[in-house]
Amino acid sequence: MKSENSKNNDNESFTEKIQKALDYSYKKLIEDKKRLGQKIVISENGVIKYIEAKDL
């Protein structure tokens with residue numbers, strides 16, 4: 001059985017991996033939208049906004 005300390009390290013490592021994957025996905029999305037001249041659609045405080053990818 002793993003110790004409590006080891007479990008925390010595994011969770012931190014997993015969390016870091018997830019964050020890196022999300023950052024990479026976001027970066028690739030922006031690059032693709034810029035390349036294709038498309039807009040990014042976001043929701044800010046419940047309001048849908050369209051942003052030109054080139055402006056990011």
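This is a predicted model: local features need pLDDT of at least 70, side-chain atom pairs count only at pLDDT 80 or more; totals for chains, interfaces and linings use all residues.
Student: In what order do the elements of the protein chain run from the N terminus on?
Tutor: The protein chain has one helix and two strands. Helix 1 covers residues 4-36, while strand 1 spans 39-44 and strand 2 spans 47-52. Read from the N terminus on, the order of the elements is α-β-β.

Student: How many bridges join strand 1 to strand 2?
Tutor: The two strands run antiparallel, and one of the pairings is that of Ile40 with Ile51, its bridge partner in strand 2. Counted between strand 1 and strand 2, the number of bridges is six.

Student: Which residue in the hairpin of strand 1 and strand 2 takes a positive phi?
Tutor: The hairpin has two residues between its strands, and the residue in question lies in that loop, between strand 1 (39-44) and strand 2 (47-52).

Student: What distance separates the closest N and O atoms of Lys28 and Glu31?
Tutor: Side chains of opposite charge can pair when their charged atoms come close. Because Lys28 and Glu31 are three residues apart in helix 1, about one helical turn separates them. Lys28 is partly exposed at 32% relative accessible area, and Glu31 is likewise partly exposed at 35%. The two residues form a salt bridge, in which the closest N and O atoms are apart by 3.3 Å.

Student: Which residue forms a salt bridge with Lys39?
Tutor: Lys39 counts as partly exposed at 44% relative accessibility, and the closest N and O atoms of its salt bridge are 3.7 Å apart. The pair links distant parts of the chain, with Lys39 in strand 1 and its partner in strand 2, 13 residues apart. That partner, partly exposed with a relative accessible area of 28%, is Glu52.

Student: Is Ile18, which belongs to a nonpolar surface patch, buried, partly exposed or exposed?
Tutor: Ile18 has its place in helix 1, and together with Phe14 and Leu22 it makes a nonpolar surface patch of about 310 Å². Its relative accessibility is 39%, which lies between the cut-offs of 20% and 50%, and therefore Ile18 counts as partly exposed.

Student: What percentage of the residues of the protein chain count as buried?
Tutor: The accessible surface of the protein chain comes to about 5,100 Å², of which 52% belongs to carbon and sulfur atoms. A residue counts as buried when its relative accessible area is under 20%. Of the 56 residues of the protein chain, the share that counts as buried is 5%.

Terms used:
Residues are numbered from 1 along each chain as its sequence is written. Side-chain values use heavy atoms; hydrogens and water are left out. Patches are made of residues with over 30% relative accessible area and no salt bridge: like charges are joined within 9 Å, nonpolar side chains (Val, Leu, Ile, Met, Phe, Trp, Tyr) within 5 Å. Accessible areas come from the Shrake-Rupley method with a 1.4 Å probe; for residues, only the protein chains shown count as cover. A salt bridge is a side-chain nitrogen of Lys or Arg within 4 Å of a carboxyl oxygen of Asp or Glu. Helices (H or I, at least four residues) and strands (E, at least two) are DSSP runs, numbered from the N terminus. Buried means under 20% relative accessible area, exposed over 50%, partly exposed in between (1.4 Å probe, protein chains only). Two strands pair if DSSP finds at least two bridges between them.
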